[in-house]
Amino acid sequence: MNRALKTFALLTMLLVAALHSSAQDAVVIASGNFVRGTIQGTDFSTVILKNDDETISQYKASDIKEFLWNGETYVSKPIVIKKKMEHRFFKIIEQGAVNLYAIGGTTSIEQPQPKRARIRPSVGIGTGTGGFGGVGGGVGISFGGGRRNDSEPTNRNLPTAYFIEKFGTGPMQEIPADGGNSAGKTQLIKSILLQKLTNDEDLAERIKATEAFDAKLIKAFVAAYNDMQKK
């Protein structure tokens, strides 16, 4: 690596560290190009940022790299929805040799402009290929219009879907972390984890011996695997 590339890599690392250490939210448009402010909310397709001068900016997932909100990072990633490639924001749960993401949960959207129809996210969960078009087991996010009192914020607690990703093993895959347990679901999760968390016999045995999974346990397995890969 030549000196220019080393300098660029160092600056990028310092930028990321500075953003993560700051209590203020930020939108990262591209590496080295970011805007600080206060995130007002996201519908996972768009994020709304209140700038330091009190103006409001709205960014689409297709146009930016990521944003930092309350100390957590949401990255823009492509995903097939109804046979069409689109971009959505995914919260990073674990990152390393294997990445674990979530979409959904508590979200807050404020109206960027008064007296206009706003985006209202709704999530439906099914058991087939679902709204994410074959990328997993059935979480669909749709965006419809609606009107509301401009002074009233929209606060929603959407069902959470989890996705696991390991480069070189195909696209990220939905993993049914929540929503109850069954023999079929447990076996599906075991199959996915054993496919992604490879070359760790001890971890594989623990996965095989697990009788029920939830989001916390899946996160623990992925974190343990990533820690082992660093050694």
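Is Trp69 buried or exposed? At 11% relative accessibility, Trp69 counts as buried, where buried means under 20% relative accessible area, exposed over 50% and partly exposed in between (1.4 Å probe, protein chains only).

This is a predicted model, in which local features need pLDDT of at least 70, side-chain atom pairs count only at pLDDT 80 or more, and totals for chains, interfaces and linings use all residues. Residues are numbered from 1 along each chain as its sequence is written, and side-chain values use heavy atoms, with hydrogens and water left out.

**Overall architecture**

The protein chain has four helices and twelve strands; helices (H or I, at least four residues) and strands (E, at least two) are DSSP runs, numbered from the N terminus. Of the 231 residues in the chain, 41% are buried. The accessible surface comes to about 12,700 Å², and 52% of it belongs to carbon and sulfur atoms; the areas come from the Shrake-Rupley method with a 1.4 Å probe, and for residues only the protein chains shown count as cover. Contact means heavy atoms within 4.5 Å. Among contacts between residues at least 6 apart in sequence, 52% join residues at least 24 apart.

Strand S6 is mostly covered, with seven of its ten residues buried.

**Aromatic pairs**

A pair of aromatic rings is described by the distance of the centres and the angle of the planes. Rings of Phe, Tyr and Trp (its six-membered ring) pair if their centres lie within 6.5 Å; planes under 30 degrees apart count as stacked, over 60 as edge-to-face and the rest as tilted. By this rule there are seven aromatic pairs. One of them joins Phe67 and Trp69, whose ring centres are 6.5 Å apart with planes at 45°, so the pair is tilted. Phe67 is buried, at a relative accessible area of 0%. The rings of Phe90 and Phe163 have centres 5.5 Å apart and planes at 80°, so this pair is edge-to-face. Phe90 lies in S7 and Phe163 in strand S11 (residues 154–165), so the pair ties together parts 73 residues apart in sequence. Both Phe90 and Phe163 are buried. Phe67, Trp69, Tyr74 and Phe89 form one aromatic cluster.

**Nonpolar cores**

A nonpolar core is a set of buried Ala, Val, Leu, Ile, Met, Phe, Trp, Tyr and Cys residues joined through side-chain atoms within 4.5 Å. The largest has 22 residues, and those with the most contacts inside it are Val27, Ile39, Val47, Phe67, Phe89, Phe90 and Phe163. The largest share of this core, four residues, comes from S6. Leaving aside neighbours within four places in sequence, the contacts of Val27 include Ile39, Val47, Leu49 and Phe67. A second, separate core of 19 residues includes Leu203, Phe213, Ala215 and Val222.

Ala215 and Val222 are among the buried residues of helix H4.
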